[in-house]
Amino acid sequence: MSDGNFAATPRVDAHDKVTGAPIYGADRRFNGMLHAIFAVSTIVRGRLTEIDIKAALAVPGVRRVLTHRDTGKLKPDGFLLSGGHSSQGIQPLLDDVICHRGQPIAMILAETLEAATFAATLVTARYKQEPFASTIHSDGATVIAQAASPLPQQLFGDTIAGDARAALQRARTVVDATFTSPPQHQNPIELVATVAEWSGDMVTIHEGSQNTGAIKFGVARVLGLDPEQVIVVSPHAGGGFGQKNSMQMQTALVAWAAREVGAPVKMVVPRTQLFHDASFRPQSLHRIRLGADATGRMSGVLYDVDAQSSRHDLFPMDYANAAARLYGIANFRGYQRIVQTDVQTPGYMRAPFEHLASFALDSAVDEMAEKLGQDPVAFRKRHDADTDPVTGLPLSSRHLSACLARGADRFGWSRRTPRPGSMKLPDGTLIGMGVGCGCYKAATAPAVATLTLRRNGTAEIAVGVHEMGQGVRTALSNAVGERLGIEPARVTALIGDTRGGPQHTTAGSWGTATAIPAAVEAADRLMAELGNDPVATLAERGIDEHVTRIESRPPNQPDEMASRLHIGQPAPWGPIYGEYVSYSYAAHFVEVRIEPSTRRIRVPRVVSLMDCGTVVSPRTAESQVRGGVVWGISAALREASEVDPRYGGFLNTDIAEYLVPVNADIGTCDVDFINSPDPRLNNTGVKGLGEVVMTGVVAAVSNAVWHATGSRHRDLPIRLEHLL
Ligand code: MOS
């Protein structure tokens, strides 16, 4: 077990990154490469009855215009969560059915991007339109109880602990509140993009991805290839946040088109198309009924969620599990309903469920503390849990109370006066202080790790994980370097590359907890083979390099689940590991300032405390937390994908109109870690960080807004017009 004291080494790729050296998917250029652009549907739902590509074909530089009439031999692969590898169950361009606004209807291939882009505007189509539903409140939206759906119930059934109804009936104090979030889109800096290049009967796909394994198997299935004919390369992704965790709508089509035209093909999905051609955070509504007994202890929660899916897929949700785990509340019932609307299938967007579950539950908890006249921090600490509230199993580790205590200290919580509106600057600016907590499952995936040590004292670790900017290369170099006794900078990582071994999707905050323990296990094996000074052993024996390969899997994971790694299917495990349950925890303290006349909301400072087990790479971990806090502020105060129900789809499809914070919106963001190794989960004591960082932020912001103004805001985003 590591002592949890990794040094704050610089990012191993820092110099490369600031000098522009890393090659991202769309940076690949090949001789004779063609540029591809989609023409897209202008209706929401119906059939394509006619498509005219003549004008597009006549544009100088245009080589081909491909439509559903050309794709005869291709087969759809299917939705990632129902056995396929795609972001959704429909593969555009395979037939004439239109399922959402912006769905691709033709692919233009041209010698220049400009020619392709212009030609796409000249494609005309006729449609037979059908009525559609664009929001969860629209006529024609279909509501399905998730627990009565065909989804696997051991994963997606209702979350039940004790008898929440009875607890609510007996409760002395009840908070009954409904919270809403609009749809939102990730907008990573690196756009969704694919470059495909054939060499004989082998195709190489360059695509910024969190899941090169899914692309390998997905492209093979759509094109009818052996997966061994497909290589997928993603050394860096410029942000993923869940939007890149499966095969994209264009991926297989770009590979196919490259074979059709006999030239490498590149498609960069323009940002404005990304709003309809990639996954997003679905619209959702959360009703919390929270009861406390005569002693002032919270005793029961009824949590009802409606969340948006597409008409063609059941996107499974998991809001209730995180809500059930946040505090030691004995009785809990989660009831989740999928609402099918006419959009592309939504997907996972950073802390996809836990972020809003923590907003809803922890805002209600704040209201309960208010009703009972209790300090919000002390009230939360009184509801700590020492066993898992749902299963009754022990928790592998939980330090939420320590997060609250240390956070309150660093923040200066004792200076807060309890009455809302009681803290003001001389100019009338209202000050609000709020706290919010969250939790996120500590999941793990199986992995294959291959460690090569060379006589010159350098090493390469090849393992199934993707670098999306979170810093996993640095974490790998730190962990392997520490074990082998060599400088972290001398350890390189071959990751996000199907040539380096099976590549499981890097999502669900299991990346570090998967790759690091596997890499460390490989390092331990290598040390067992070569002794305590392995570089010296190589020199003594006159060997140039030594290769060690291990296959790791999560504790108590059955074979058939672990083996999904080898077919490009998700194989995560946890938070229930048989004998215990594992979660990471966060506590955020937020100060807001509300300008008296315009009601402009500012967030000058945030203090965040994390319990994520061992921190393997302190510098990149801190940066992860800041990113999550910024996004939480953004989700609380800015982001919404706007919908006009008359037209369907999304309206503000660029980052001028899709509001995100700018630097001036973010004040200080103070981060600290409990950094206590989780002794039961793995050899390094890592739990997981990428998503828990964002949970609880929105609750902290909205609780602070309440403290400043005395009014509760339950519909996101909270904008100044709501405070007037
Ligand atoms: Mo993440 S939203 O699980 O890629």
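This is a predicted model: local features need pLDDT of at least 70, side-chain atom pairs count only at pLDDT 80 or more; totals for chains, interfaces and linings use all residues.
Local features in the model need pLDDT of at least 70, side-chain atom pairs count only at pLDDT 80 or more, and totals for chains, interfaces and linings use all residues. Residues are numbered from 1 along each chain as its sequence is written, and side-chain values use heavy atoms, with hydrogens and water left out.

The chain has 19 helices and 24 strands. Both are DSSP runs numbered from the N terminus (helices H or I, at least four residues; strands E, at least two). The radius of gyration is 26 Å, close to the 27 Å that the globule rule gives for 724 residues, so the chain is as compact as a globular protein of that length. That radius is taken over C-alpha atoms, and the rule is 2.2 Å times the number of residues to the power 0.38. Along the principal axes, the C-alpha atoms fill a box of roughly 75 × 75 × 50 Å.

Seven strands form an open sheet with mixed pairing, in the order 3-5-1-13-10-11-12. Two strands count as paired if DSSP finds at least two bridges between them. Strand 3 (62-66) and strand 12 are the edge strands, and each pairs on one side only. Neighbouring strands are turned by 20° against each other on average, direction ignored. Strand 11 (residues 202-206) runs parallel to strand 12, joined by four bridges. Ile205 stands opposite Val232 in strand 12.

Contact means heavy atoms within 4.5 Å. Axes are lines fitted to C-alpha atoms, for helices over the stretch in contact, and angles run from 0 to 180 degrees between N-to-C directions. Helix 6 (residues 212-223) touches strand 10 (193-199), strand 11 and strand 12, and its direction makes about 145° with that of strand 12. Helix 7 lies across strand 1 (34-40), strand 3, strand 5 (104-110), strand 10, strand 11 and strand 13 (265-268). Helix 7 runs at about 35° to strand 10. The loop between strand 12 (230-233) and helix 7 (251-261) holds Phe241. Phe241 has a positive phi of about 60° although it is not a glycine.

A four-stranded open sheet, also of mixed pairing, has the order 17-22-23-24. Strand 17 (430-441) and strand 24 (666-673) each have a single partner strand, so one side of each is left without a neighbour in the sheet. The twist averages 15° from one strand to the next. Strand 23 (residues 601-611) pairs with strand 24 in the parallel sense over seven bridges. Ser608 stands opposite Val671 in strand 24. Helix 12 (residues 400-411) packs on this sheet and touches strand 17, strand 22 (583-594), strand 23 and strand 24. The direction of helix 12 makes about 25° with that of strand 22. Helix 18 (residues 697-709) lies across strand 17, strand 22 and strand 23, at about 160° to strand 17.

Rolling a probe the size of a water molecule over the atoms shows where empty space is left. On a 1 Å grid over the protein atoms alone, a cavity is a set of points where a 1.4 Å probe fits but cannot get out; a pocket is an open set with protein on both sides within 12 Å along at least five of seven lines; lining residues have an atom within 4 Å of a point. Grid points are joined across faces, edges and corners, and a volume is the space filled by probe spheres set on the points.

The whole structure holds seven cavities of 30 Å³ or more. The largest cavity has a volume of about 70 Å³. Its lining includes Phe79, Ser87, Phe315 and Tyr348. By class, that lining has six nonpolar, six polar and no charged residues. Ala, Val, Leu, Ile, Met, Phe, Trp, Tyr, Cys and Pro count as nonpolar, Asp, Glu, Lys and Arg as charged, and the others, Gly among them, as polar.

The second largest cavity has a volume of about 50 Å³. Strand 23 gives the most to its lining, with three residues. Helix 17 (618-637) supplies at least two. The lining divides into five nonpolar, no polar and three charged residues.

The second largest pocket has a volume of about 250 Å³. Of its 15 lining residues, Val12, Asp13, Asp16, His236 and Arg473 are the closest to its centre. Strand 20 provides the largest share of the lining, three residues.

One joins Gly574 to Pro575, with omega near 10°. Another joins Leu716 to Pro717, with omega near -10°.
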